Amino acid sequence: MNAGMRLTVDARRCAAPGDCVTRLGSHFTWDTEGLATPTGAPLDPSLLTIVRTIVRDCPTQAIDLESDR
Amino acid sequence: MATGAAVTLSDYDDIREALRDPALSRSFDKRSWDAGNIRAGIVSIIHGDEHRERRRIENTQFRRDRLFAYEKDLFPTVCDALVAALPVGEPFDLLRVSGRMSMALSAKRTGIDHDGSVESLDRLVELVLIFSKGSAILDIRGDRSKVEEEVRSAYRDFDAEFFGASYDRRTLAAAGGVASEDVLEVLIAAGFPRDLVLRECAIFLQGGTTTSSHTVCSLFDLLWASADSAESRLRLADDVAFAQRCVHETLRLRPTTPVIRRLAEEPTTVAGHRLEKGDTVLLDVRQAHRDPRLFGAEPERFDPERTVDPAVPLWGLAFGGGSHQCIGRSVAGGFPVGGDPEDQTADPAAKLFGLIAVQVLTLARHGLVPDPHRSPRLDDATDRGSRWATFPARVTGSVVR
């Protein structure tokens, strides 16, 4: 993960549309309940644009890009 | 039934806020549910936890492996075969032919079996065009009860001609432990009642067909009228990324639902407007898509290459937003080019452009041109202004240069 940045998915909101998993399969996957979840892979700074787009476009606003600090 | 005040929003950010407000639902006209509402209980209408659980079940049929299989393997072949079968130089209705292409895949995804003939596909298209009147029931001019009966009758025909056998076959398969591969199968496995499953499958067939076919017609209508039509026509036949931008620009200018409605299920505040339970909100997407601050100068012009604000997609809010965002958005529109190092490689095979882009590319390669003897006509049965009644066209057999 990029220093100070963390991806989270709120399982209470996720309706599993899967755009995040389709677009960035290295950073999102399906959990045992069939909901999207972060893989925990390190977040390269070059991916920040697409990550922010994925966060913006999540239809249920289930994804957050949070600062650890 | 909503009887409260109505508020209209036309600012992009205000509409986005409203679409994401969990207190606002699409659950109109509850009073008539007991009398057999034509859309009772379908995913488009239900709200809150019930809606989220339904989407979780159905979204399994829209995952990455399925999207790639549809767009890369199945759909190009089906589209090319259906367009190649059109007699060169003979007029046809593009609305129906595009519907035929979309239906080939929509029926497979939904789980509606047919014999694969053009006649069967056309019959299904005929039925979903009636179903779509039910979706636009609040915009219908004139007697809504007649339209509701027409839709109920179409459901009965759909059940007798297609759904019943498909349902029985999958019920047997489910009993045998066969894995679910379409929407019908997952709904049966989840234990939903048959009448609801029928309505749900009808909305999936419709959603996978009519929006695409109206958008295909609107795209060519806009492209042929644009100043650089000849150049664009050539690019459309050769460049799927350009075809995708044409689709997104068409959806911006001609959203299928230009004004979205929402109902306040409880008191809430949206964009500074206090709403009480039962109030309605009208979201003027068509107007919001013409905001020059977001979509650049000359927002009325068809310009697939336009640069838009990085905070908005080129298609704007054409697929809706929030939890009710179109379930087929990624199927129909793909993912935008740019800023995506995993999907946007130099290899187009690794990228999803959306099925509408594949359709228009195929049509352009076969030389789609307007019918010189008849003009396209919009459907005047609703106030939407984005639905076609007929779109006469023909093919020349090769790219028009």
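1. Helices (H or I, at least four residues) and strands (E, at least two) are DSSP runs, numbered from the N terminus. On that basis chain A has two helices and four strands, and from the N terminus on its elements run β-α-β-β-α-β. The radius of gyration of chain A, taken over C-alpha atoms, is 11 Å, close to the 11 Å that the globule rule gives for 69 residues, so chain A is as compact as a globular protein of that length. The rule is 2.2 Å times the number of residues to the power 0.38.

2. This is a predicted model, in which local features need pLDDT of at least 70 and side-chain atom pairs count only at pLDDT 80 or more, while totals for chains, interfaces and linings use all residues. Residues are numbered from 1 along each chain as its sequence is written, chains are lettered from A and ligands numbered from 1 in the order in which they are written, and side-chain values use heavy atoms, with hydrogens and water left out.

3. On the extent of chain A: its C-alpha atoms fill a box of roughly 30 × 20 × 20 Å, taken along the principal axes. The accessible surface, from the Shrake-Rupley method with a 1.4 Å probe and, for residues, with only the protein chains shown as cover, comes to about 3,200 Å² for chain A. Carbon and sulfur atoms hold 48% of that surface.

4. Of the contacts (heavy atoms within 4.5 Å) with a separation of 6 or more, 55% are between residues 24 or more positions apart.

5. On charge: chain A has 7 positive and 9 negative charges, and their mean positions are 6 Å apart. Lys and Arg count as positive and Asp and Glu as negative, while His and the chain ends are not counted. The place of a charge is NZ of Lys, CZ of Arg, CG of Asp or CD of Glu.

6. Strand β1 of chain A covers residues 5-9; four of these five residues are buried, so the strand is largely enclosed by the rest of the structure. β1(A) pairs (at least two DSSP bridges between the strands) with strand β4 (residues 63-67) of chain A, in the antiparallel sense and over five bridges. In this pairing A:T8 stands opposite A:D64.

7. Chain B has an open sheet of four strands in the order β1-β7-β4-β2, with mixed pairing. β1 (6-9) and β2 (24-25) of chain B are at the edges with a single partner strand each, so one side of each has no neighbour in the sheet. β2(B) runs antiparallel to β4 (residues 259-264) of chain B, joined by two bridges, and B:L24 is placed opposite B:A264.

8. Another open sheet of chain B has three strands in the order β3-β11-β8, with antiparallel pairing. Its edge strands, β3 (92-93) and β8 (368-370), each pair on one side only. Two bridges link β3(B) with β11 (residues 392-395) of chain B; B:D93 has B:P392 as its bridge partner.

9. Which residues of helix α2 (residues 48-58) of chain B are buried? They are B:H51, B:R54, B:R55, B:R56 and B:E58. Their cover includes α7 (183-189) and α8 (194-207) of chain B.

10. B:A174 lies in helix α6 (residues 144-175) of chain B and, at 37% relative accessibility, counts as partly exposed. B:A174 and B:I188 are 14 residues apart in sequence, and their C-alpha atoms are 7.7 Å apart in space.

Methods. Buried < 20%, exposed > 50% of the residue type's maximum accessible area, 1.4 Å probe, protein only.
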